[in-house]
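Let's take a walk through this model, one spot at a time. Have the viewer open and follow along.

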Amino acid sequence: DRGCVKDGNMIIPKGNDCPRVYAHFNRLYADGEAVYETVRLRKMHCLLTVGFDEPYDVASMVIRGNVNGFDRYGYPSKGEFCVESEIDSRSDIPFTFCIPRQYGDPLYLDVVDSGGGVRTFPLHEYIRIAGYDWSAPDLNDLNLKLYLTKGKVSVIVMGWKEEIFIDVVI
């Protein structure tokens, strides 16, 4: 159970990815004999793929933020969001997280190495610099590549005619 509904709001329990949510929201006024609405499901989640430029000793990765679901009108709801991906060994394959639509609030990636060391990356800043639009009707997916030995991050916004690479010194 990756999401639950409380009082008409969809809440993502702590520790879970966002479900892959497609939704349509509109207020209808039924003051006539008939009301028609064309439903167009909108992508309310972003698949964030995190990879490394070379194998890196990672024990787990954690995504943390302040949006934990959607209210009954489709707007992001404030609350703690935290999902962890455990990794068994040196990782050279990407890992995918599903995160809900954001307000632009802080969103962080913690990379934990096997020795317990934690490196925290301000994802919201990298995503903003890339020009990503959290208010778009359908959210694009993102690829994040960490160059830990070089101290850089590359952000790719998927679905754009030209994929944009932005290197940020960390």
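Val39 sits in the loop that runs between strand E3 (22-23) and strand E4 (42-43); strands here are DSSP runs of at least two residues, numbered from the N terminus. This is a predicted model, where local features need pLDDT of at least 70, side-chain atom pairs count only at pLDDT 80 or more, and totals for chains, interfaces and linings use all residues. Residues are numbered from 1 along each chain as its sequence is written, and side-chain values use heavy atoms, with hydrogens and water left out.

Is Val39 buried or exposed? Val39 counts as exposed because its relative accessible area is 55%, and the cut-offs are over 50% for exposed, under 20% for buried and partly exposed in between (1.4 Å probe, protein chains only).

Now for Thr49, which belongs to strand E5 (residues 45-52). Thr49 has 18% relative accessibility, so this residue counts as buried. Which residues does Thr49 touch, leaving out those up to four places away in sequence? They are Pro94, Phe95, Thr96, Leu142, Asn143 and Leu144, with contact meaning heavy atoms within 4.5 Å. With Thr96 there is also a side-chain polar contact of 3.3 Å (a pair of N or O atoms within 3.5 Å; within protein, one must be able to donate a hydrogen and the other to accept it, and residues adjacent in sequence count only if both atoms are side-chain atoms).

Leu142 leads on to Ile156: the two are 14 residues apart in sequence, yet their C-alpha atoms are 5.8 Å apart in space. Ile156 lies in strand E12 (residues 152-157) and counts as buried because its relative accessibility is 12%.

Definitions and conventions: Helix = DSSP H or I, 4+ residues; strand = E, 2+ residues; numbered from the N terminus.
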